Each structure stands twice: as structure tokens, then as C-alpha cells.
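Look at the sequence and the structure below before reading on.

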Amino acid sequence: MEIADLIIKLVLVVVIFAISLVVAMYSTYAERKVAAFLQDRVGPNRAGPFGILQPMADGAKMFMKEEIIPTRASGFLFIVGPSLAIMTACIGSAVIPWGPQMQIGDRVIDLQVTDINVGILYIFGVVSLGVYGIMIGGWASNNKYSLLGAIRAASQNISYEISMGLSIIALLMLTGTLSLKEIAEQQHGWHWNVLTQPLGFLIFMVCAFAETNRSPFDLPECETELVGGYHTEYSSMKLGFYLFAEYINMFVSSAVMATLYWGGYNYPGMDWVAAHAGPTIAPIIGVVVLFAKIFAFIFFFMWVRWTIPRFRYDQLMHLGWKTLIPLAIANIVLTGIISTLIEKFA
Amino acid sequence: MSVFYFIAFLSILFSLLVIFAKNPVHSVLYLIITFFTFTIHYIILNAQFLAVVNFIVYMGAILVLFLFVLMMLNLNEDTEPTKSIYVKLAGIIGGGVLLVTLVGAIKLTAKSNPVVLQDVNLGSVQNLGKVLFNEFLLPFEVSSILLLSAMVGAVLLATKEGKPKATTV
């Protein structure tokens with residue numbers, strides 16, 4: 001019994017790890033195709049049919065490139081930077097519930113690696129740790145542009161973490177739990193949290209854009225001012241790790257947004273499907289639904305990137321401290337008042 | 001038990017490295033690892049909430065700001081100020097006195113058993129919230145006012161000099 005559970009968990013970990021890597025890999029392809037579509041171009045179409053093998057070619061190129069470590073860089077930290085970036089990106093997905101409980105034979109399997117009772121806070125911790133990869137790499141490069149990129153990343157992440165946390169508090173007042181599994185279960189059918197927390201979701205999404213350093217918040221790697229930003233001095237697969245970490249972060253934050261606000265694996269009519277498809281197939285449909293939501297969010301990330309120009313730095317700080325934080329606090333107060341009124345009169 | 005001693009050893013090792021590192025940025029990085037070992041201590045004590053909060057607030061926010069400031073100032077080994085022998089001597093004596101005081105204070109307190117838990121669920125979010133908002137409501141509120149006053153003070157210090165000199169700067 002014990003060993004079987006352990007093996008199931010191990011398989012789950014490997015599968016989730018593989019899926020996040022494959023999704024990140026094909027996000028790079030999707031990003032180019034979406035960019036091409038939005039700019040009325042063709043996009044990559046040489047490697048394989050529709051350029052479907054392009055990510056493999058890019059990966060091979062990254063591994064084959066010459067690896068350059070600047071002479072004045074501090075060697076060990078130069079390697080720690082990208083390693084830390086990709087590690088923190090990968091461990092975030094451990095607490096996300098990918099689907100309802102699945103029954104194979106007489107065994108019930110949780111489609112979640114671990115359900116710690118502080119799941120949301122764990123994700124916060126991982127997100128706040130993510131900035132170290134950028135900061136250490138930028139500082140170790142011994143380059144002014146890298147350092148400026150790293151400093152920008154640090155101040156940006158700290159500023160937007162606050163409003164992200166405040167937007168979550170309003171959600172927690174309604175759900176009454178920190179466990180992502182319970183939050184997902186509460187949104188059964190169409191009772192999605194976005195219906196009760198639209199403002200909270202908007203704030204959370206803007207902060208997610210800022211935390212993943214995606215455009216319009218990609219100031220840390222602003223080419224027009226900082227050459228390449230924090231990864232100016234990086235080459236070969238170490239650069240690949242930084243770029244890859246961004247796409248994994250995008251995948252994980254899409255999954256978090258889908259789970260917290262858009263019902264996770266729940267969809268209208270799931271009871272009917274569960275009654276007809278049986279306890280083995282129905283959870284798989286739930287997983288497919290969750291992934292559809294995740295891909296929709298990833299597409300949204302790309303859509304925004306190729307539509308909106310990036311902010312100026314003072315605009316970024318202004319938005320974070322003077323707009324989003326007061327909005328998030330107002331959201332908490334409103335949520336408290338309305339839920340108390342509903343409790344009193346209904 | 002053996003896990004506790006291993007983690008405790010790592011905590012002490014990395015705290016020593018914080019002091020002995022020549023480069024200030026390396027020093028802060030060791031401090032980050034030290035705080036990470038504290039997080040593991042909390043998990044061993046089954047205080048999940050405290051562990052995660054320590055992780056987010058200390059490792060994720062305060063030390064990022066430490067690192068941020070150090071990188072902004074760009075301090076290096078050669079820019080580190082060298083202090084005179086008297087200052088060093090005063091530091092050693094002060095540290096020694098503090099050590100004696102701490103050891104004396106610890107000897108006076110009753111021995112506790114940190115590894116064996118009295119109440120296994122003490123550290124869960126629900127229990128902690130109930131205890132904080134029932135038994136310790138007043139100290140909790142007072143400490144929040146303390147934090148607020150610190151914040152207001154910081155804002156005041158930051159804006160105080162700006163106003164009269166606004167035309168000259």
C-alpha cells in the first residue's frame with residue numbers, strides 16, 4: 001500500500017514535470033506563431049510541417065552554442081543564477097490540483113502532488129524566491145546593464161507582490177481556506193470565484209504579468225535601454241534556462257489563475273458527465289478542461305505582449321503602488337461589507 | 001532528532017559564514033540560506049504557517065531588499081572600510097559581554113524540550129488564527145499599531161527633507 005502510493009506520487013511528479021517542460025517548449029513556438037498571426041506574418045515554418053519541430057531545433061542550438069563566462073564575473077554565482085531561476089519555476093506546480101479524484105480499479109488517486117494546508121502561501125513563497133535567480137545572475141555578470149536589470153526586477157517583484165497578496169486576501173475571506181484543493185472543490189460546476197471576485201481577479205492577473213516579467217512589465221530585459229537586461233552576459237543553455245524559466249512561470253501562473261478564479265477543473269454540467277462517463281474518464285475530462293483554461297491564459301499572455309507597448313519605469317511603480325494597492329484594499333473592504341450583509345439578511 | 005541536529009548545524013555554519021564572508025553580497029546570500037534553515041526548523045516543529053510566513057517575509061521580501069540595497073551601492077571587498085584597532089577591541093568586548101548576558105539569561109530560564117511537541121496541531125493556520133484573535137487579541141493589535149507607526153515614521157523621514165529644499169534640488 002505504502003509503496004504503491006509512493007510510486008503513484010513519483011509518477012505524478014514526473015508527468016507534471018514533463019508536461020510543464022513540454023508546455024514551456026511549445027510556448028516558445030506558440031509565441032512566435034501568435035506574434036506572426038498578430039503581425040500578419042507566417043512565422044516559423046521550416047522545421048517540420050508548420051514548423052512544428054522548431055522548439056527542438058532551438059533546444060539543440062542552445063546546447064551547441066559556445067559557453068562564455070566573463071572573466072570578471074563571479075564564477076559560481078554566475079551558474080547559480082539560471083539554475084535557481086529554473087528550479088523555482090519548476091517547484092511551483094507541486095500544489096496545484098490538476099483534476100478531481102480519479103478512480104482506477106478500486107484505487108482512488110489524487111491528481112495533485114501534495115495538498116499542504118497553506119497551498120496559496122507556498123505558491124507565494126516560490127514566486128518571491130524566483131527573483132533571486134535574476135538578481136544573483138545579474139549581479140554575478142559584473143555588467144552595469146545586467147545589474148540595472150536585476151535591480152529593476154527586484155523592485156518590480158517586491159512592489160507587485162504586495163498587491164497580489166492583498167488581492168488574494170479578499171478571495172480567502174470568501175473561501176475560508178488556504179488549501180488549493182479545497183478552493184478548487186468549492187467552485188463545483190459554475191460557482192467560479194471570478195463571478196464573486198472580478199476586481200480581485202483583475203488585480204491578481206496584472207500582478208501575475210508583473211511577476212513573470214512579461215510585457216508590458218518586461219522592464220528587467222528592456223532592450224532599448226538595457227541591451228539584454230539581466231541576461232546580457234549569458235550564452236548557450238544558461239541563457240536558455242532563463243528564457244525557459246519565463247515560459248514555465250507563465251504556465252504555472254496560468255494554472256494558479258485558472259484554479260483560484262476560473263474554477264480549475266470544474267465546468268458546467270460536470271455532474272452529468274460524471275454520472276455518464278464513470279469515475280475514471282470524468283476526471284480526465286476535468287484535466288482537459290483545466291488545460292484548456294491554462295492554454296487560453298497563455299494565449300492571453302502572448303496576445304497582450306504583441307499588442308501593448310511596455311511601460312516606462314515610473315509608470316510601472318505608479319501603477320503598482322498608487323493604483324493597484326489602494327484598489328486591492330478597497331476590494332477587501334467591499335468583500336467584507338457585502339459578505340457580512342449577505343450573512344445578516346439572506 | 002538527527003534531522004534537527006543536522007539542520008541546527010547548518011544554521012550555525014551558515015550564520016558563521018555570514019560574518020566571515022568578505023564580500024557583502026555573499027554575506028547576504030549566506031543569510032538567505034540561514035533563514036531557509038530556520039524555515040526547515042519550523043516545519044520540523046509542525047508550524048507550517050510560521051514556516052511559510054518566514055519564507056515569504058524574510059527570505060522573499062526583507063532579504064531581497066537587503067540584496068537590492070547592497071547591489072545598488074555596489075560594495076566590494078576593496079571598498080570595505082577598515083576600522084581602527086580600538087573600534088575592533090570595543091566590538092570584541094561588547095560582543096563578549098552580550099554573550100555572557102545571553103548565556104546567563106538562558107541558564108535562568110526553565111529547560112524546555114524543543115523537539116517534542118506539546119500540541120501537534122498548534123502550528124496550523126486555523127489554530128494559530130483562533131489563538132491570536134481570542135487569547136492574544138490585544139497584544140496582536142498593539143503590535144500591528146507598532147508596525148504602522150514604524151511605517152509612518154519611515155514615510156515621514158523620507159519626505160521630511162524634500163519639501164523645504166524642493167526649489168533647490
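**Salt bridges and surroundings**

Over all chains, a search of the whole structure finds six salt bridges, a salt bridge being a side-chain nitrogen of Lys or Arg within 4 Å of a carboxyl oxygen of Asp or Glu. The model is predicted, so local features need pLDDT of at least 70 and side-chain atom pairs count only at pLDDT 80 or more, while totals for chains, interfaces and linings use all residues; side-chain values use heavy atoms, with hydrogens and water left out. Residues are numbered from 1 along each chain as its sequence is written, and chains are lettered from A and ligands numbered from 1 in the order in which they are written.

Side chains of opposite charge can pair when their charged atoms come close. One such pair is Arg214(A) and Glu31(A), whose side chains meet in a salt bridge at 2.9 Å, N to O. This pair links distant parts of the chain, 183 residues apart: Arg214(A) is in the loop between H7 and H8 of chain A, and Glu31(A) is in helix H1 of chain A. Helices here are DSSP runs (H or I, at least four residues) and strands are runs of E (at least two), numbered from the N terminus. Arg214(A) counts as buried, at 1% relative accessibility, and Glu31(A) is buried too, with a relative accessible area of 3%. Buried means under 20% relative accessible area, exposed means over 50%, and partly exposed lies in between (1.4 Å probe, protein chains only).

A salt bridge also joins the side chains of Arg32(A) and Asp58(A), at 3.6 Å, N to O. Arg32(A) lies in helix H1 of chain A and Asp58(A) in helix H2 of chain A, so this pair ties together parts that are 26 residues apart in sequence. Arg32(A) is partly exposed, with a relative accessible area of 35%. Another salt bridge is formed by the side chains of Arg312(A) and Asp314(A), at 2.9 Å, N to O; Asp314(A) counts as partly exposed at 45% relative accessibility. Salt bridges that share partners join Glu31(A), Arg214(A), Glu246(A) and Arg305(A) into one network.

Glu246(A) has another relation to note: Asn213(A) is 33 residues from Glu246(A) in sequence and 7.5 Å from it in space, C-alpha to C-alpha. Asn213(A) is found in the loop between helix H7 (198-211) and helix H8 (223-226) of chain A, and it is buried, with a relative accessible area of 5%. Not counting residues up to four places away in sequence, Asn213(A) touches Ile134(A), Gln156(A), Asn157(A), Asp218(A), Pro220(A) and Glu221(A). Contact, or touching, means heavy atoms within 4.5 Å.

Next come two backbone angles. Most residues other than glycine have a negative phi, and most peptide bonds are trans. Phe50(A) has a phi near 55°, a positive value in a residue other than glycine. Phe50(A) lies in the loop between helix H1 (2-38) and helix H2 (54-64) of chain A, and is exposed, with a relative accessible area of 66%. Asn142(A), although not a glycine, has a positive phi of about 60°. Asn142(A) sits in the loop between helix H4 (119-140) and H5 of chain A and is partly exposed, at a relative accessible area of 44%.

The interior comes next. A nonpolar core is a set of buried Ala, Val, Leu, Ile, Met, Phe, Trp, Tyr and Cys residues joined through side-chain atoms within 4.5 Å. Which residues touch the most other members of the largest nonpolar core? Of its 106 residues, they are Trp98(A) and Leu260(A). Helix H9 (residues 236-260) of chain A gives the most to this core, with 14 residues.

Finally, the two chains meet. In this interface, 23 residues of chain B are in contact with 23 residues of chain A. Across the interface of chain B and chain A, the rule finds zero salt bridges. Helix H2 (24-44) and helix H3 (48-73) of chain B each supply at least two residues of the side of chain B that touches chain A. The largest share of that side, 15 residues, comes from H3(B).
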